[in-house]
Amino acid sequence: MSFINESKHLLRDLFRYPKLYPQDASYDTYWERRDLNAPFNAFQKKRAELIMKTIPRGCTMLDLGCGDGRFLEYFLRNKAISKAIGVDSSSVALNFARDRGVEIIQGDLNDRGTIPSADVV
């Protein structure tokens, strides 16, 4: 597959993320309705594989806007990182992230006091 065609497929998959719809009362509702067992789409898988190749093994990874922590869980499961820290504003999403082995912080990204340091962000 050519680079251009591959890029088109990755961009198409990028916009397949579930969207917030008017009937969603909040960001928490979005996470309550989300299919948490869905596999990575092609874009998410490519992104994770690319990052896996570039990060130092055994590092601490911080994900700002971690949602349900599935991305961080991928790196923990593949033993690429030693510690996963996720920051998100949704308590519902963070409960899912905690269940995936992620150290969680509920906070607003505008409040830099809640954001810890890490080897990789």
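By how many helical turns are R77 and E73 separated in helix α4? The two residues are separated by about one helical turn, because R77 and E73 are four residues apart in helix α4. The model discussed here is predicted. In it, the side chains of R77 and E73 meet in a salt bridge, with an N to O distance of 4.0 Å. R77 has a relative accessible area of 53% and is therefore exposed, since the cut-off for that class is over 50%.

Salt bridges that share partners join R77 and E73 with D68 and R100 into one network.

**Salt bridges in the model**

In general terms, side chains of opposite charge can pair when their charged atoms come close. The count of salt bridges in this model comes to five. Three of them are described in this report, including the pairs in the table below.

| Salt bridge | N to O distance |
|---|---|
| E49 and K45 | 3.2 Å |
| D68 and R100 | 3.6 Å |
| R77 and E73 | 4.0 Å |

**A pair between distant parts of the chain**

D68 forms a salt bridge with R100. This pair links distant parts of the chain, its residues being 32 apart. D68 lies in the loop between β1 (59-64) and α4 (70-77), while R100 lies in the loop between α5 (91-99) and β3 (103-106). Are these two residues buried or exposed? D68 counts as buried because its relative accessibility is 6%, which is under 20%. R100 also counts as buried, with a relative accessibility of 17%.

E49 has a relative accessibility of 31% and counts as partly exposed. K45, with a relative accessible area of 40%, is partly exposed as well.

**A residue of helix α2**

E32 is found in helix α2 (residues 27-33). With a relative accessibility of 52%, E32 counts as exposed. Which separation is found between the C-alpha atoms of E32 and V92? The two C-alpha atoms are separated by 7.0 Å, although E32 and V92 are 60 residues apart along the chain.

How values were computed
Residues are numbered from 1 along each chain as its sequence is written. This is a predicted model: local features need pLDDT of at least 70, side-chain atom pairs count only at pLDDT 80 or more; totals for chains, interfaces and linings use all residues. Side-chain values use heavy atoms; hydrogens and water are left out. Buried means under 20% relative accessible area, exposed over 50%, partly exposed in between (1.4 Å probe, protein chains only).
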